[in-house]
Amino acid sequence: MSAIATAAALALPISLSCASKFSNKRCVRGGFGVFAVLGEEGGLVERKNTWTIFNVEDPRSKVPQYKNKFLDANQALEVARYDLQYCDWKARQDVLTIMHLHEKVVEVLNPLAREFKSIDTLRKELAELQEELSLAHNQVHISEARVSTALDKLAYMETLINEKIVQERNTTEAELSLATPSTSTESLETVKNRQPKRNLNVSGPVKPYDAGLKNFWYPVAFSADLKNDTMIPLDCFEKPWVIFRGKDGKPGCVRNTCAHRACPLDLGTVNEGRIQCPYHGWEYSTDGKCEKMPSTKFVNVKIKALPCFEQEGMIWIWPGDDPPTANIPSLLPPSGFQIHAEIVMELPVEHGLLLDNLLDLAHAPFTHTSTFAKGWSVPSLVKFLTPQSGLEGYWDPYPIDMEFRPPCIVLSTIGISKPGKLEGQSTKECTTHLHQLHVCLPSSRQKTRLLYRMSLDFAPILKHVPFMEHLWRHFAEKVLNEDLRLVLGQQQRMIDGENVWNWPVSYDKLGVRYRQWRDSVDRGSKRLPFTKSP
């Protein structure tokens with residue numbers, strides 16, 4: 001394409017040179033060149049009067065032969081480089097095809113040629129050329145897709161290599177810092193060669209939550225579920241809380257325990273923006289202050305209250321001791337989507353294990369055989385492609401984009417053609433989509449409060465179908481039950497000492513990055529991995 005543009009800009013006739021006979025039905029082997037001609041039309045052209053626009057040699061003869069061999073990082077990158085060179089060669093060959101066909105069109109439409117051909121013959125020739133041009137243009141699009149895929153593979157390989165380099169460097173530095181005087185003279189290469197393989201270790205009973213994990217904004221409820229005269233009890237980090245609306249309609253979150261006799265406040269009622277204990281009638285405002293104390297002399301009493309904020313249809317709390325940050329991230333679905341369902345469930349699993357499950361799509365054709373993945377084929381290779389330092393990306397070969405958003409949120413967009421059927425190779429190629437939000441609130445070390453929101457960019461009429469919310473809930477529970485029986489088994493094995501991340505593989509990338517982020521939080525690191533801010 002660049003050759004055509006360049007020649008057109010120079011207003012120069014183009015001469016084509018190909019190493020083998022042209023054929024648009026099969027790949028042309030050998031190199032080829034495209035030249036701009038600096039002579040008179042119809043005259044002989046000397047070699048010195050030609051200017052090479054591009055001259056490309058078939059790279060396949062130079063591709064290193066690594067069939068059925070394990071490759072190291074440099075060999076893999078070399079193969080990927082030749083892959084890109086072949087894509088470039090093939091794309092330029094497609095350009096050559098189109099240029100040949102354009103020349104044929106010019107020949108057919110030549111006034112001299114028309115004098116010796118009937119209208120039917122010209123029409124037939126032009127129709128054949130039009131079909132060939134259409135095939136050639138389609139081939140160009142295929143070449144573009146090949147280049148895009150090759151670049152994705154290269155980025156994926158680069159990420160793996162960079163991660164390996166960083167991992168080896170950190171391990172080496174740690175071992176060198178601990179080396180004794182007798183071993184400090186060992187070469188760097190020797191240390192590298194004897195370093196053990198490093199795996200994640202998620203085993204044993206869940207440890208008490210680190211204070212750092214609490215210093216985030218957590219979405220805990222949907223705004224539509226909290227009316228002015230109702231309350232929502234919930235557990236967060238093994239503490240009981242209750243949410244209700246004050247006189248101004250703004251939500252508040254207080255400890256779900258009366259200061260008087262430790263009665264659960266959610267057993268009471270909400271009166272004029274205050275929550276009333278059902279035992280002796282003490283009433284608390286959203287900031288935790290006791291404002292009514294019937295049948296006795298009033299004293300100043302206050303229960304703990306958490307920073308609480310409402311934004312875009314969700315209620316957030318800050319359970320940590322650090323001052324809350326000023327910004328709360330937006331969890332609205334992308335533009336063009338409408339929210340169809342908002343569901344809350346309490347699940348008997350630790351929230352980290354549930355996040356591991358949600359961040360893994362490779363299990364779908366084996367686990368969800370009676371729900372959304374029914375009929376899915378098992379791919380020969382599943383990958384999650386993501387930037388070098390990010391917590392988002394897309395699945396290959398599934399048309400699904402996914403993101404982990406700290407501290408406990410999973411966002412995904414799925415390209416679909418009809419219920420239960422995927423469409424295309426990427427979400428951009430799909431015409432209809434389903435967007436999902438999963439929030440895994442750590443209620444306790446073996447309990448998660450799950451907030452699920454489903455949005456669609458099609459079929460808006462479904463919002464007005466009676467009882468549709470119940471149907472969505474039934475389907476969501478059915479999908480989750482397929483996961484729960486497995487995750488509950490994992491949880492028991494983990495408590496018994498098994499490592500649930502014993503042998504991660506390539507499609508576990510997003511789950512591994514979540515665990516690395518979580519480990520950094522638990523260690524109290526000031527700068528967290530895969531995030532833009534400390």
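Glu-283 is found in strand β10, residues 283-284, of this predicted model. At 5% relative accessibility the residue counts as buried, because the limit for that class is under 20%. The side chain of Glu-283 has polar partners. One is the side chain of Arg-274, joined to Glu-283 by a polar contact of 2.7 Å. Another is the side chain of Gln-276, with a polar contact of 3.0 Å to Glu-283.

Strand β10 belongs to an open sheet of four strands, ordered β8-β9-β10-β11, with antiparallel pairing. At its edges are β8 (269-271) and β11 (290-292), each of which pairs on one side only. Strand β9 covers residues 274-276 and runs antiparallel to β8, with three bridges joining the two.

Strand β14 (residues 314-317) pairs with β13 in the antiparallel sense over four bridges, and Met-314 of β14 stands opposite Gln-311. The loop between β13 and β14 holds Glu-312. Phi of Glu-312 is near 50°, a positive value in a residue other than glycine. At 35% relative accessibility, Glu-312 counts as partly exposed.

Positive phi also occurs at Phe-530, again a residue other than glycine, with a value near 65°. Phe-530 is found in the segment after α10 (509-522).

Strands β17 (residues 392-396) and β18 (residues 400-405) run antiparallel and are joined by four bridges. They form a hairpin with three residues between them. Within this pairing, Gly-393 has Met-402 of β18 as its bridge partner. Pro-397 is found in the loop between β17 and β18, and Pro-407 lies in the loop between β18 and β19 (409-418).

Helix α7 spans residues 351-358, and eight of its eight residues are buried, so the helix is largely enclosed by the rest of the structure. Among the buried residues are His-351, Asp-356 and Asn-357, along with Leu-353, Leu-354, Leu-355 and Leu-358. Gly-352 is also in the buried set. At the start of α7, the backbone nitrogen of Gly-352 has a side-chain oxygen of Glu-350 within 2.9 Å.

Aromatic contacts are the next topic. A search of the whole structure finds 10 aromatic pairs. In one of them, the rings of Phe-372 and Trp-376 have their centres 5.7 Å apart; their planes stand at 80°, so the pair is edge-to-face. Phe-372 counts as partly exposed at 25% relative accessibility, whereas Trp-376 is buried, with a relative accessible area of 15%. Ring pairs also link Phe-216, Phe-404, Tyr-514 and Trp-517 into a cluster. A contact between a charge and a ring is found at Trp-241, where Arg-255 lies over the ring face at 5.6 Å from the ring centre.

Finally, the cysteines. The structure holds zero disulfides. For Cys-308, the closest cysteine sulfur belongs to Cys-253, and the distance of 5.8 Å is too far for a bond. For Cys-440, the closest cysteine sulfur is in Cys-408, at 6.6 Å, which is also too far for a bond. The reasoning in both cases rests on the cut-off for a disulfide, a pair of cysteine sulfur atoms within 2.5 Å. Cys-440 is buried, with a relative accessible area of 0%.

Note on methods
Residues are numbered from 1 along each chain as its sequence is written. This is a predicted model: local features need pLDDT of at least 70, side-chain atom pairs count only at pLDDT 80 or more; totals for chains, interfaces and linings use all residues. Side-chain values use heavy atoms; hydrogens and water are left out. Two strands pair if DSSP finds at least two bridges between them. Buried means under 20% relative accessible area, exposed over 50%, partly exposed in between (1.4 Å probe, protein chains only). A polar contact is a pair of N or O atoms within 3.5 Å; within protein, one must be able to donate a hydrogen and the other to accept it, and residues adjacent in sequence count only if both atoms are side-chain atoms. Rings of Phe, Tyr and Trp (its six-membered ring) pair if their centres lie within 6.5 Å; planes under 30 degrees apart count as stacked, over 60 as edge-to-face and the rest as tilted. A charge sits over a ring if NZ of Lys or CZ of Arg is within 6 Å of the ring centre and within 35 degrees of the ring normal.
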